[in-house]
Amino acid sequence: MRDTVSDTNTEAHTDVDSDAATNVATETAPTETAAAEPAAEPAAIDPAETGFSALGLRPELLKALDDLGYEEPTPIQRETIPYLMAGKDLLGQAATGTGKTAAFALPALHLIDGRAASKPIALVLVPTRELAMQVSEAFFRYGKDLNAKCVPVYGGQPIFRQLQALDRGVHIVVGTPGRVIDHIGRGSLNLDGIKMVVLDEADEMLDMGFADDIESILESVPHAHQTVLFSATMPPRINSIAKRYQTDPVKINVVRGDTKASAGKVRQCAYVVQRNHKPAALGRILDIESPGGALVFCRTRTEVDQLTETMNARGYRAEALHGGMDQAQRDRVMSRLRDGTAELLVATDVAARGLDVDTLTHVVNYDVPSAPESYVHRIGRVGRAGREGVAITLAEPREQRLLANIERLTKQAITIEKVPSIADLRAAQLEQTVASIRESLAADDLDDFYPVLNALSGEANPQRIALAAIRLFHELAGNVVDETEIPDISHRMERRPDGGGASAGPGRPGSKPQRGNDRGGGDKGGTTGFVYISLGRAAGIRPGDLVGAIANETDLVGREIGPIKITEKFAVVGVPDRSVDKVIGALKLTTIKGKKPTVRRYTD
Ligand code: AMP
């Protein structure tokens, strides 16, 4: 095993010996002894050095990535794409949020090679229909200039529509194992032209009982092809599939490595919010934190521009900084941040590299960074030279694994906090008004304002006059409250199989009270309860049908459902014990494969 990068910045690790590994672009971690460091402007950006072009992708793909505002490959992309382009089999350990979809989608699209859509050249297997749609949308975005035809096939959609789409010609098929088997059986999915098979979220597919389906699909591909397997965890069954169906695979892991976080004085917290609530949540969090200066990291140039606009519309003085700007524009932005004209700097990783500004008190990850190393680099922008700082991460529920990886590698807890409610925000704003007025009380030129007080004293008592003045000040200070509550979904965070997760232990000094969350028990790591369903193989029931029905009818996610046992006449499904009643209630109201099952708790 050989590390491909320097000690200071442990990126993905591969355990093959290959020149390609040493060619992978790496960045050098900024030195963390900031005391003697001069204030540095972000270095000029050389796209050839940081971008995708070094990976040998077709120009149409490079253009699509540029249009999407991707500035550089994520570590998993940097590490895997050269091998995949060279036709190697690959076994990659990577969770959602690392950029793994593009890691396999770009090399798959590269295979299209100008040919018209007919028989598929790549087949991607995914556990759920949501992921099938998401992955095929990614193929569509990356492959738009190649006219790539990608068809998602999953249960729950009329097969007729899929048959038509497959018949019209296709480059890539993304499907759930059950439906893919259906199509192979019907002869509608021709595997003769397949050059690459991808198993995405393989552990999840196994958890959902798709192991046999997967093996039978892999055996149906008639000739040698590239087999790519991505999984967040590597249980023995995955290794045995890899042994059987892969040839000398390159092994890549973006979750290993030792990451030295020098973030001792940085309070680290995360909020769990759905994507569409992120701008409002960020605004509210910043209102409460009232940072001296904040650096907000986004993944893409496009996101940077959009968020800057949104935050300006919400009354923040926000400036964008990304690789699409020239040096003069960037210099202007930096000086506005330094002199306090701007309070928020919204930036990509590339643009903010090396940035060192004394006034920064907060770093915000608008998304969980794609690798723990980049988290450490980002939060290294605050807490420098012994100062205190705050690192805030906005996570979607499905990104919990990434948070847990970061905690494990930095050996520091990230506290999950509750998005401030309207009441929290009002209270914080009033506190700030109290502080401002207290400061004003200490001023020695208050007497200048007696004429105003005297003019009003005949109309109201002094207390009421004070209240009116306070209100005026409070409003002029920009303390407006938007009216909609942001749903708190921290309790819906997916739980890791070991039952752990972010926010272990009490909050660190200075942190706000930690919200209790129920992520410790439940699914694979906690108590599992079982639900009996009176439909089995005879009714054509497959694991995906049950997972689909439960996930659609309740707020459980795929990972929380299982094990699943299907006999000829009935099925038993494991779900977190606390959710058994909810699942029974929901399934009683629904049909599975057109039939209404008897559903009850299974205790046998
Ligand atoms: P994934 O782990 O594949 O679900 O990707 C997570 C998110 O990162 C998706 O929203 C992608 O669009 C985005 N993404 C993937 N690669 C990059 C990149 N190189 N730069 C910026 N964003 C990316």
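Which residue stands opposite Val390 in β14? In this predicted model, Arg267 takes that place. Residue numbers start from 1 along each chain as its sequence is written, and side-chain values use heavy atoms, without hydrogens or water. Because the model is predicted, local features need pLDDT of at least 70 and side-chain atom pairs count only at pLDDT 80 or more, whereas totals for chains, interfaces and linings use all residues.

Strand β9 (residues 266-272) runs parallel to β14, and 7 bridges join the two. Strands here are DSSP runs of E with at least two residues, numbered from the N terminus. Two strands pair if DSSP finds at least two bridges between them.

Strand β13 (residues 362-365) has two partners. Strand β10 (residues 294-297) pairs with β13 in the parallel sense over 4 bridges. Strand β14 (residues 389-395) also pairs with β13 in the parallel sense, over 4 bridges. Val364 of β13 stands opposite Val296. In β14, the bridge partner of Val364 is Ile392. In a regular strand the side chains alternate between the two faces of the sheet. Both faces of β13 are covered. His362 and Val364 are buried on one side, Val363 and Asn365 on the other. Buried means under 20% relative accessible area (1.4 Å probe, protein chains only).

The ligand site was examined next. The ligand has 14 residues around it, and Tyr70, Gln77, Gly97, Gly99 and Thr101 come nearest. A residue is near if one of its heavy atoms lies within 4 Å. By class, the shell has 3 nonpolar, 8 polar and 3 charged residues. Here Ala, Val, Leu, Ile, Met, Phe, Trp, Tyr, Cys and Pro count as nonpolar, Asp, Glu, Lys and Arg as charged, and the others, Gly among them, as polar.

On its own the ligand has 490 Å² of accessible area, of which the protein covers 85%. Accessible areas come from the Shrake-Rupley method with a 1.4 Å probe.

How values were computed: Buried means under 20% relative accessible area, exposed over 50%, partly exposed in between (1.4 Å probe, protein chains only).
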